[in-house]
Amino acid sequence: MGTIEKTIPLLTPYKMGKFQLSHRVVLAPMGRLRSYGNVPQPHAILYYSQRTSKGGFLIAEATGVSDTAQGYLDMPGIWTKEQVEAWKPIVDAVHAKGGIFFCQIFHAGRVSNTEEIPQIVNDFRIAGRNAIEAGFDGVEIHGAHGYLIDQFMKDHVNDRTDEYGGTLENRSRFPLEIVEALVNEIGADRVGIRLSPFASYMESGDSDPEALGLYMAKSLNKYDNLYCHMVEPRMKLIGEKLETPHSLLPIRKAFKGTFIAAGGYVEEDGNKAIAENYADLVAFGRRFLANPDLPRRFELGAPLNKYDRETFGISDPVRGYVDYPFLESSTDVSS
């Protein structure tokens, strides 16, 4: 009798809109702070191509939509011709290995008056158009982790008295205007959004995060956008897993598109999330950073490299960036 192959849920194929994925292990967006002067650098070609597998889905690091959007030194942007041109060989390298690549676009600035809002929405729209010109397959709107969009949604920080403050509907207006602008510009099947209703990074917490998540999920359905990428309630604070009674399941059930879960996942609970239909895809950050061949390691049950937190945000183009080792190519399933 032949041996029965044990199916690994994370390594089963999935159709995300028009994209045929060969597995469900997503490279999470992670700021790597190595884009000197906000221009993507040639060393990113190797970084992203190392983490590309045929039919794998990658989300690029947070990329600013304007010169006033940047949150940290040496984050990439996509608002100038130079930046768009610099992204092209990086995107080409991912596509050459059969990967699907989305650009995460974000704004870390502030809004002092309502009149600025249409301009910021337009910055996102243009960034989306630029991302497609650079060759990306789509964009992910960064609506998480205490940055500008998240600040509008959360009632702990949004104290506005205009049409963007107060009610849940008003607080969600800004992100949904951005979604609408991008859907109209590049198509619903190229637009995803990342949200963290339960997190309180930079004091951006909410009194009823589940209601916020549900409202956003149901509102997104009207735009028929490709996916919703949600950060787990357990990741309330940066880098710490907390015990929590909350779950993304009600939000997952409310959203009609592809649902991606992220936040502290390891192989075991990632497989469980897929097997139990808790999520369609699971995004891995630190573990994918330290293991460029992460899906292959899951396939073989191989041990993982440990990540080095000290090198996450340094500007070195090699250390902690492209120097994490791959499995030996001779590694065999039977070994």
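Visitor: What stands opposite Arg194 in S8?

Guide: His142 does. This is a predicted model. Arg194 also has a bridge partner in S9, namely His229.

Visitor: How do you know that strand S7 and S8 pair?

Guide: Pairing needs at least two bridges. S7 (residues 138-143) and S8 have 5, in the parallel sense. So they count as paired.

Visitor: What makes S8 and S9 a pair?

Guide: The cut-off is again at least two bridges. Here 4 bridges join S8 (residues 191-195) to S9, and the two run parallel. Therefore they pair. In this pairing, Ile193 stands opposite Cys228.

Visitor: Why is S9 called mostly covered?

Guide: Buried means under 20% relative accessible area. In S9 (residues 227-231), 5 of 5 residues are buried, so each falls under that cut-off. Tyr227, His229 and Val231 point one way, while Cys228 and Met230 point the other way.

Visitor: What about S8, covered or exposed?

Guide: Mostly covered, with 5 of its 5 residues buried. Val191, Ile193 and Leu195 point one way from S8; Gly192 and Arg194 point the other way.

Visitor: Why is the unit of S8, helix H7 and S9 called right-handed?

Guide: Point the strands away from the viewer: a right-handed path over the helix runs clockwise. The unit with H7 (residues 209-221) is right-handed, so its path from S8 to S9 runs clockwise in that view.

Visitor: Where does the chain go from S9?

Guide: The chain crosses through helix H8 (residues 249-254) to S10, and this β-α-β crossover is also right-handed. S9 and S10 (residues 258-262) run parallel, joined by 5 bridges.

Methods:
Residues are numbered from 1 along each chain as its sequence is written. This is a predicted model: local features need pLDDT of at least 70, side-chain atom pairs count only at pLDDT 80 or more; totals for chains, interfaces and linings use all residues. Side-chain values use heavy atoms; hydrogens and water are left out. Buried means under 20% relative accessible area, exposed over 50%, partly exposed in between (1.4 Å probe, protein chains only).
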